[in-house]
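Student: I'd like to go through this model with you, one question at a time. Can we start once it's on screen?

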Amino acid sequence: MAKGAFHMLLLLPIVYAGAGAQASTDDGVEAACQKTSNASFCAELLLPYASQFVDNDANKMGYAAISATLAQVQSTRAYMVRQTTEPTATEEERAAVSSCLGNIGNSDDSLRNAAQEFDLFRAAKGEQRSIHKESVIKMIDSARNDLTGCSDLSKKHKDLVGAGIIGESARMLERSVQACSVAEAFIH
Ligand SMILES: *[C@@H]1O[C@H](CO)[C@@H](O)[C@H](O)[C@H]1NC(C)=O
């Protein structure tokens, strides 16, 4: 009992310090996300990158938003690739998922290119800066188009959409499409 209380005393300051730091970093993300069309989705997406949002640095925030979007697309892609060999998946489900993999691979490439292009944008001055900015936006647009195409494909398999593989793929694709919009809101 006494020993337990002693440990509690030691732990409390650490817990409070942790909570304090957490609150301020999360505040940065939440404030930054107010300008996006779905602030709660944006905050959820960017929370793992909260440390990039503490000093309101547009370069850090933009790069973090592209990285978060790429991570969302990659986890969607990994999920869908896994389903193609999932023994419990039906032939139809596998075919539906497979038909999407080309698109999602393209969107992954486009977002990687966008991240590289963002580095050029960060370093550029004057007219070059707006040229690179336009390229970044185009690359994210292209990723979004591929993802939207993929998301529409899954809607075509309406009979398969539900709690199963296609439903989960559709949900993850929708979040990937939304993530692209979040990323674009941070390119400036
Ligand atoms: C925000 O995004 C989430 C996640 O996709 C979605 O469930 C929710 O409906 C969206 N809210 C609005 C207001 O669009």
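Student: Leaving aside neighbours within four places in sequence, which residues is A65 in contact with?
Tutor: Before that, some ground rules: this is a predicted model, where local features need pLDDT of at least 70, side-chain atom pairs count only at pLDDT 80 or more, and totals for chains, interfaces and linings use all residues. Residues are numbered from 1 along each chain as its sequence is written. Two residues are in contact if their C-beta atoms, placed from the backbone, lie within 7 Å. With neighbours within four places set aside, the partners of A65 are L46, V182, A183 and F186.

Student: Okay, and how many helices and strands are there in the protein?
Tutor: Helices (H or I, at least four residues) and strands (E, at least two) are DSSP runs, numbered from the N terminus. Going from the N terminus on, the elements read α-α-α-α-α-α. So by that DSSP rule, the tally is six helices and zero strands.

Student: Which residues have the most contacts inside the largest nonpolar core?
Tutor: A nonpolar core is a set of buried Ala, Val, Leu, Ile, Met, Phe, Trp, Tyr and Cys residues joined through C-beta atoms within 7 Å. Buried means 20 or more other C-beta atoms within 10 Å of a residue's own, exposed means 12 or fewer, and partly exposed is in between, with C-beta atoms placed from the backbone. The largest such core has 44 residues, and the ones with the most contacts inside it are L46, A65, I66 and A183.

Student: What share of the protein's residues count as buried?
Tutor: The contacts give some context: among those between residues at least 6 apart in sequence, 65% join residues at least 24 apart. As for burial, of the 188 residues the share is 34%.

Student: Where is the kink in α4 centred?
Tutor: α4 has 33 residues and reaches 49 Å from first C-alpha to last, close to the 48 Å expected at 1.5 Å a residue; the expected span is 1.5 Å times one less than the number of residues. The bend at a residue is the angle between axes fitted to the seven residues ending there and the seven starting there. By that angle α4 has a kink of about 35°, centred on L101.

Student: What covers the buried residues of α4?
Tutor: The buried residues in α4 include A96, V97, C100, N103, I104 and S107. An α-helix has 3.6 residues a turn, so residues three or four places apart point the same way. The cover over the buried residues of α4 includes α3, α5 and α6.

Student: How far apart are the end C-alpha atoms of α5?
Tutor: Its buried residues include V136, M139, I140 and A143, and their cover includes α4 and α6. At 1.5 Å a residue, the 31 residues of α5 should span 45 Å, and the end-to-end value agrees with that: 46 Å.

Student: Is I187 buried or exposed?
Tutor: I187 sits in the segment after α6. Beyond residues up to four places away in sequence, I187 touches G62, K133, V136 and I137. Because 21 other C-beta atoms lie within 10 Å of it, I187 is buried.

Student: And is N56 buried or exposed?
Tutor: N56 is in the loop between α2 and α3. Its phi is near 55°, a positive value in a residue other than glycine. With 10 other C-beta atoms within 10 Å, N56 is exposed.

Student: Last one: which residues surround the ligand?
Tutor: A residue is near a molecule if its C-beta atom, placed from the backbone, lies within 6 Å of it. α2 (39–46) and α6 (165–185) each supply at least two residues of the shell, and α6 gives the most, with three. By class, the shell has one nonpolar, three polar and two charged residues (Ala, Val, Leu, Ile, Met, Phe, Trp, Tyr, Cys and Pro count as nonpolar, Asp, Glu, Lys and Arg as charged, and the others, Gly among them, as polar). The residues around the ligand are N38, S40, F41, E174, R175 and Q178.
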